[in-house]
Each structure stands twice: as structure tokens, then as C-alpha cells.
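Have the structure open beside you and try each task before reading its solution.

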Amino acid sequence: MTPELPIYMDYNATTPVDERVLEAMLPFLREDFGNPTSHGHAFGWKAQAAVEVARQQVADLIGATPQEIIWTSGATESNNLAIKGACEMYRDRGRHMITCRTEHRAVLEVCAVMEQAGWQVTYLPVDETGWLDAGQVEAAITDQTVLISIMAANNETGTLSPMAEIGQIAKKRGVLLHTDATQAAGKIPMNVEAMGADLLSLSAHKLYGPKGCGCLYVRRRSPRVRLAAQIHGGGHERGLRSGTLNVPGIVGLGAAAEVARGDMAADAERLGALRDRLDAGIRSQLPDVHPNGHPTKRLCNTLNLSFAYVEGEALKMKLSSLAVSSGSACRSESREPSHVLKAMGVSDALANAAIRFSLGRPTTREEIDFAIEATIRAVRELRAISPLYELAREGIDPKRLE
Amino acid sequence: MEPNHSPEFMEHFARPRNVGSLDRRSRRVGTGTATVSECGDVMRLQIEVDPQGRISRAMFKTFGCSAAIAAGSVTTEWLRGRNVDEAESFTGDYVTERLSLPPDKQHSSHLAQDAVLQAIADWKHTRCRRGQPAS
């Protein structure tokens, strides 16, 4: 049976709200619409109670305590608050921070702002699988280093970071560690103690919660991390993030965290098998396909492949029955190749011809089998048109054309 | 935003005409290979000219975006049956208009124009080198 088209295979971009999450949210959009800061009546109490339940649910997902969760509008805001807030608060310690070239733009752009403010930022390189060696982090630390910001898992390739190792290094050297866990949350087990994280960002809409809601974990003990607020106003969230709480969104994030905690192991096993089926199905039938990402230390739902001798935009158009991402996840309309793939040393041509398949809870085996056939057909059609492929078949290096 | 391509564009992208290769050693065949250095697009376009100077066949292959593929298709359609002298007046504007290309896709029109002019030049050069009398 042909699945309904187009097939969504872009769950690293966003996810649909899980039914169980939606059910939990609905009362707070309807009858229970109170403002949690209305301390004088039942509407406020009910909203406040729901927010605190959600705080516990999110804390449980990452091994934190509820007092360490600060609600935000999403991971971008969390990253801003973590980096700008920590750098501002601890600027007397030094003016240096460390991050990685493959971070999301929500970290890299904040780092660029810090550079303009006079900070020195070290952008660590990765190997050809996108793997960051923890030893590089240690080597980059100076007596001026205030903060390390390293993502838990990469959004484009799914490659994980050695967080526990980095956490130990940070602790040993007395440097704060922030991790953008937007992609990892709900996909792999995470514990802030095991990771040694002092600050951790996550977003509801990547784990089957609603858009517009996220949180920042801020460590309260050993060490107690303090941040300079970036949004000022009524003093919500212990003064760290003013603004009326997005109660339905927060309830949704809490419910999503609880669902993820329960379903994570089963989801990982099922999606890992489907991802491997997709990978094997495509690569066993098509030559000259290059996987991007670490072969094993990688999110179980993510497959990033580059198809040699075809052009990315044409490939995506041929693949219109699949909702997938190409070379650059956030700026797909431009020809600028992905900074992540570039950092891994992937050539511009192969970065341009990269497709990211990311599977999610609703993904079925029928969808995977359809995607395999659709991808093979699209690549074969474009290669039949490609003069570069013809030259390569004849044993001529197409680079000679350039 | 969903790209708003014309039906003509989609038709020639989905089912490009005249994809393939001609025997480049044939003295009747002229081959042009054009590239766009900014984006790396490549179009190889070949014409086969009969003794009367008429283009009997035109074939292309493209490595490039959807517009470059559709451009090769409509360009080879246009060339077929035309006299070489007439074909020399070919410009990318034909491709732009026929496919309703937006400005950011018009490099594909230039790519096709370059490929046509190179193919004609190659045909002339080949014929001259091999001592063929003018038809």
C-alpha cells in the first residue's frame, strides 16, 4: 500500500504534537486558562500547580531537580540565556569561551555576538565523521576560559558528543559547561550529573511537544550557577526570565518529557532498525553514496547521505514525495553548503548533494520502503542526465572540468 | 515558501527531452560544454548537422539544478530542425521566457546559451579541421 504523500521524514526539524501531549494541554487553552502568578484565586493556583508538575516531568527526563528548570520560548532563547547570561555574570573570570564548528546557528550566532563584545571564542574542529575529540576541548582551555558550549547531538548528522568526558574536563578545570541538547532530548538517555552539564537547553517541539516552548537547566548545586537575565520585566522564573508563562506550552513540554521517558527505549530500538533499513536499502542499490556522520556514535533516527554526481536542488525536487532536508537545514533556499558538512571536510559538491532523512515516532516501515524506492529512482534519473556521472563511468575525473 | 514553477518548467524538469550523447568523433557532431563557476552547474550540449547545414539532432546532459535541466530540454527542442546560422542567434532569453524563470534562476538560461554557441563553434572547427567543404 502506498503511504499518504508527501511522507514526512524531517523529524529533526520539528515533530507533530503527540496525542497524549495535546490532551494534557487542551484544558489549559480552555477552562484552565489562569495566570500562574495570580496568587489570589483558584485559576492562578491551578495553572501554577500544572507548571510545577511540568517542571518535575522535565527535570526527571534529564536527572535534574525541578528548581533547576527555567522556562523559555525554545532552545534558541535558552542558548542565548545560557551563553550571554553566563559570560556576563562571570566576566571577571576571563573573556574566553570554547565551542565547536558544527554547533547550531543558535549557538554560533550568539558566540559571534560575544566576539563583538570583546570575547575570544575558540571554535573546535571535528573529524570527518563530525566527532569532536574531548582532548581538543581540554587543550583549548586557558586560565581565561569561562564557558564551554558543546551540543549533545548534531541536528544534521546525528553525531553525538562525548559529553561525559567533556563534563569531567570542565569540572576538573573549573569551567562551566553548557550543552545544547535540543536534538538529543527524548532520543537518548540524558543525565546532567553523568554529563557534567551546568547548563542544558532543550525545546518542546523536537520531542513531540508544541512549538514556542523550551527550557534551560541551570545547576543549583556544586557549583551553583548564576546567570545575568537577558529578558527583564515582572521577575518570573526567579528573575531569570520575565514574561507571563506559556502555560499550555509548558504543560505540553512536561507531558512530552514524560512520554519520551516512557517510550524512549522502544522508540530508539524501532527507529534505529528502520534507519538502518533505509540506509542499507539505498546504499545496497546505489553506488557513490557517501554517509555523513559517525557510523555508531549517532542518533538512532538520523541518516545523512550525499549522492555524488547529482545536484542538491534538483534532487530535492525529484524527491518531492519525501519531506526531507538538504545540504543546509536552516538555509535550504541558499546554495551555501552546510557549515556542519564543511567542518567535516565534505566537498562543496557532496555537501550540496546531501539529504538528511530523520525519522520519528509516526514513521512506518511502509514509509521507509517507499523512501528507499523514491530515492533510488530520483538519483538514477538525475545521474542518467548528469554528464559528470557519464564521465565518472568512463573513468574520467569530473574535477578536470572545473 | 513553495517554489512557484510554471507548468512548462515542471514538465521539462520531470520529463526532459533529448537527454543523451552523440558520437563526439563524428564530423557531423559539435559538442559544447558550459559551466557556471558560481554554482558548479555543467551542461554538455551536442548538435548533429546534416550536409544541408540543418541541425538534425540535439542532445544534452546536465549536472545542475532543476532550471538547468529544464533549460537543456527546451533548448534542444528549439535547436532541432533549425539551420546552424539561425541557431547562432539563439539567446538565453528564449529559455527564460519559455520556462518563466525568475531572476535567480536565469544563470541556467546563460548556461544553455553558452553551450549552444560552443557546440556550434566546435562543429565549425571540427569541419574545418577535417577539411569538409562548406555545404
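**Exercise 1: a helix pair in chain A**

Task: Find which residues of α3(A) meet which residues of α4(A), and work out how the two helices are oriented.

Solution. Bear in mind that this is a predicted model.

Step 1. From α3(A), the residues A:Ala75, A:Thr76, A:Asn79, A:Asn80, A:Ile83, A:Lys84 and A:Cys87 face a set on α4(A) made up of A:Ala106, A:Val107, A:Val110, A:Cys111 and A:Met114.

Step 2. Sorted by class, this contact holds 8 nonpolar, 3 polar and 1 charged residues.

Step 3. Now for the geometry: two packed helices are described by the angle between their axes and the distance between the axes. Helix α3 of chain A (residues 75-89) and helix α4 of chain A (residues 105-116) pack at about 30 degrees, their axes 9 Å apart. Angles under 35 degrees count as roughly parallel, so α3(A) is roughly parallel to α4(A). The crossing of α3(A) past α4(A) is right-handed.

**Exercise 2: a helix pair in chain B**

Task: Describe how α4(B) crosses α5(B), and list the residues that meet there.

Solution. 

Step 1. The axes of helix α4 (residues 92-99) and helix α5 (residues 107-129) of chain B come within 7 Å and cross at roughly 135 degrees. That angle makes α4(B) oblique to α5(B).

Step 2. As for handedness, α4(B) passes α5(B) in a right-handed crossing.

Step 3. On α4(B), look for B:Gly92, B:Asp93, B:Val95 and B:Thr96; they meet B:Ser108, B:Ser109, B:His110, B:Ala112 and B:Gln113 of α5(B). The class count for this contact is 2 nonpolar, 6 polar and 1 charged residues.

**Exercise 3: two domains of chain A**

Task: Locate the domains of chain A and characterise the side of domain 1 that touches domain 2.

Solution. 

Step 1. The domain assignment places 7-14 + 263-401 of chain A in domain 1 and 19-259 in domain 2. Their centres, taken over C-alpha atoms, are 30 Å apart.

Step 2. Across the boundary, 26 residues of domain 1 are in contact with 27 residues of domain 2. On the domain 1 side, α8 (247-283), β10 (302-307) and α10 (339-343) of chain A each give two or more residues.

Step 3. That side has 10 nonpolar, 11 polar and 5 charged residues.

**Exercise 4: between the chains**

Task: Which element of chain B gives the most to the side that touches chain A?

Solution. 

Step 1. The contact joins 16 residues of chain B to 14 residues of chain A.

Step 2. In chain B, β2 (41-49), β3 (55-63) and α2 (66-79) each supply at least two residues of that side. β3(B) gives the most, with 3 residues.

Conventions:
Residues are numbered from 1 along each chain as its sequence is written. Chains are lettered from A and ligands numbered from 1 in the order in which they are written. This is a predicted model: local features need pLDDT of at least 70, side-chain atom pairs count only at pLDDT 80 or more; totals for chains, interfaces and linings use all residues. Two residues are in contact if their C-beta atoms, placed from the backbone, lie within 7 Å. Helices (H or I, at least four residues) and strands (E, at least two) are DSSP runs, numbered from the N terminus. Axes are lines fitted to C-alpha atoms, for helices over the stretch in contact, and angles run from 0 to 180 degrees between N-to-C directions. Angles under 35 degrees count as roughly parallel, over 145 as roughly antiparallel, 65 to 115 as roughly perpendicular and the rest as oblique. A crossing is left-handed if the near helix is turned anticlockwise from the far one by less than a right angle, and right-handed if clockwise. Ala, Val, Leu, Ile, Met, Phe, Trp, Tyr, Cys and Pro count as nonpolar, Asp, Glu, Lys and Arg as charged, and the others, Gly among them, as polar. Domain bounds come from an automatic or database domain assignment.
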